[in-house]
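I open my notebook to look up how this model is packed inside. I also want to see how its chains meet and where gaps remain.

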There are 2 protein chains.
Amino acid sequence: MIALETAVLSKNQALAERNRGWLAGRGVLALNLMSSPGAGKTTLLERSIRDLGRDLAISVVEGDQATTRDAERIRATGAPAIQINTGTGCHLDADMLAAALVRLQPAPGTVLMIENVGNLVCPALFDLGEAARVVIFSVTEGEDKPLKYPHMFRAANVLLLSKTDLLPHLRVDLQRMIDSALTVNPGLTIFPVSAYTGEGLSAWYGWLRDRADVARLAA
Amino acid sequence: MIALETAVLSKNQALAERNRGWLAGRGVLALNLMSSPGAGKTTLLERSIRDLGRDLAISVVEGDQATTRDAERIRATGAPAIQINTGTGCHLDADMLAAALVRLQPAPGTVLMIENVGNLVCPALFDLGEAARVVIFSVTEGEDKPLKYPHMFRAANVLLLSKTDLLPHLRVDLQRMIDSALTVNPGLTIFPVSAYTGEGLSAWYGWLRDRADVARLAA
């Protein structure tokens, strides 16, 4: 089993590097968005696309076990989107992304958001070829989850602590949540945000614009 | 890959049937509790153990990637608990449960709660030998998740819709959430509950007492 797992991951890694090269060659900033189901990935994407629309073109790859609902929600914002259904599969892989890139053809100098299957475990193991990994974690999920699901938080570059508008109604301490995330990964860039009130979004948009500029200028 | 997956699942199934026999032979009601991370499994267990303490003895198997926090929280209620850490693994399997049963030795006629790794995808594929599968799904996770993660909801017997105390602060319709769950699995028994306010818990406790009686009398 371990030998097979290693072989699968090694084949995935080669395909991921190919995707990474293709994206870098076009100056496309690709982000792998990962979270539990219901942390608010799609809502955050809808708002980001609407808020940034004129400055920054965003296209989206949507991963779910079933339905095309999320791709439809994204298309309603005017952004191009491709849906991948994984069936019983619990994560996207580099091969699925390669196929989606062929269909989506993100324009040079734009941003590609890859919304992974809602799962705080498996997607952490599979590199897709993204430039950075963004974990969206809802403040309703509790302070200690980074310690209990360390692989995902260790694999991430950015942590969006979502649904902060609910904090007044929860028995959760935002600082303790940030501290547990930094305990497992001191290098995390953390943005507390609310896609409903807009709180914290300007910092996230700033990060996104900077990284998109870097990707565009490096191509 | 498909052949290997089938072989792994078939070996797991045989071990699960052995566990099911062992549990039935002792009159122990075993429930497999599954959810996303942070849906409130442990909080609901703590409250259920405290509320039912005198009527119904409960012991617990806790599954997490890392830490022994949940087992410690359960032991603080006075109930016996065993922690299983899966490392990068995304679910419990029947072999892990068999090893935990040897250590935990649940008393005849009691209830065994198996808190699976927080994941709405993988645990649905692995029978542990439980008498019933209980999905805990927080109302903060959104109305459409049963449609997007159908395997878990199809595999379940009971659905606990948790954190109903947050409903006044969410843009979520409880009835639409119930309807999406029943669309993928019309046979689901559904209990909306709040472990904080206690709302809905008496119906869940009633179900639990009935099922525990049946398991005890059948042994």
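**Entry 1: the core.** I began with the largest nonpolar core, which has 52 residues. Leu159(A) and Leu159(B) touch the most other members. A nonpolar core here is a set of buried Ala, Val, Leu, Ile, Met, Phe, Trp, Tyr and Cys residues joined through side-chain atoms within 4.5 Å. Buried means under 20% relative accessible area, exposed over 50%, and partly exposed in between (1.4 Å probe, protein chains only). Several elements each supply at least two residues of this core, among them strand 5 (132-138) and helix 7 (174-184) of chain A and strand 6 (158-162) of chain B. Helices (H or I, at least four residues) and strands (E, at least two) are DSSP runs, numbered from the N terminus.

I noted the ground rules. This is a predicted model, where local features need pLDDT of at least 70, side-chain atom pairs count only at pLDDT 80 or more, and totals for chains, interfaces and linings use all residues. Residues are numbered from 1 along each chain as its sequence is written, chains are lettered from A and ligands numbered from 1 in the order in which they are written, and side-chain values use heavy atoms, with hydrogens and water left out.

**Entry 2: Leu159(B).** I left aside its neighbours within four places in sequence. Leu159(B) is then in contact (heavy atoms within 4.5 Å) with Val135(B), Phe137(B), Phe153(B), Ala181(B), Leu188(B), Thr189(B), Ile190(B) and Phe191(B).

**Entry 3: Ala100(A).** Is Ala100(A) buried or exposed? Ala100(A) counts as buried because its relative accessibility is 2%. I found Ala100(A) in helix 4 (residues 94-104) of chain A. Beyond its neighbours within four places in sequence, Ala100(A) is in contact with Val61(A), Ile82(A) and Ile84(A).

**Entry 4: the interface.** The contact takes 39 residues from chain B and 39 residues from chain A. The two chains bury about 3400 Å² between them, 60% of it on carbon and sulfur atoms. Buried area is the accessible area (1.4 Å probe) that two parts lose on being put together, summed over both. In chain B, Pro37(B), Gln65(B) and Lys148(B) lose the most area to chain A. Together they make up 17% of what that side buries.
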